[in-house]
Amino acid sequence: MTSEVEQPTAMSEALGYEQARDELIEVVRRLEAGGTTLEESLALWERGEELAKVCRRRLDGARARLDAALAEEEAADEDEERA
């Protein structure tokens with residue numbers, strides 16, 4: 001069983017990288033500014049963790065796509081050299 005903190009919600013997963021990053025920046029700003037109750041701070045922290053995971057997944061996906069494209073290009077270059 002996974003909690004929402006471990007697994008981002010479907011709503012969070014629907015966010016693009018830039019949207020998640022911008023919301024994360026706002027969450028951090030609010031936490032750093034202080035003035036929130038303990039419960040509010042905990043909720044912000046949990047949301048921030050969720051958004052950070054979304055950002056990490058998006059970046060990992062982008063890295064995988066780049067790696068695949070580079071590997072494909074390298075394989076094509078090797079095939080051309082053999083021909």
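A residue counts as buried under 20% relative accessible area, as exposed over 50%, and as partly exposed in between, with a 1.4 Å probe and protein chains only. At 67% relative accessibility, arginine 65 is therefore exposed. Arginine 65 lies in helix α3, residues 38-82; helices here are DSSP runs of H or I with at least four residues, numbered from the N terminus. Serine 41 is 24 residues from arginine 65 in sequence, and their C-alpha atoms are 36 Å apart in space.

The model is predicted: local features need pLDDT of at least 70, side-chain atom pairs count only at pLDDT 80 or more, and totals for chains, interfaces and linings use all residues. Residues are numbered from 1 along each chain as its sequence is written, and side-chain values use heavy atoms, without hydrogens and water.

The pLDDT, the predictor's confidence in each residue from 0 to 100, averages 88 over the chain, and 90% of the residues score at least 70. Residues 1-6 have a pLDDT below 50; beyond near neighbours in sequence, this stretch has seven contacts in the model, a contact being heavy atoms within 4.5 Å.

Helix α3 packs with α2. Their axes, lines fitted to C-alpha atoms over the stretch in contact, with angles from 0 to 180 degrees between N-to-C directions, come within 9 Å and cross at roughly 150°. The two helices are therefore roughly antiparallel, a term for angles over 145 degrees. Among the residues that meet are Leu24 and Val27 in α2 and Leu51 and Cys55 in α3.

Note on methods:
Angles under 35 degrees count as roughly parallel, over 145 as roughly antiparallel, 65 to 115 as roughly perpendicular and the rest as oblique.
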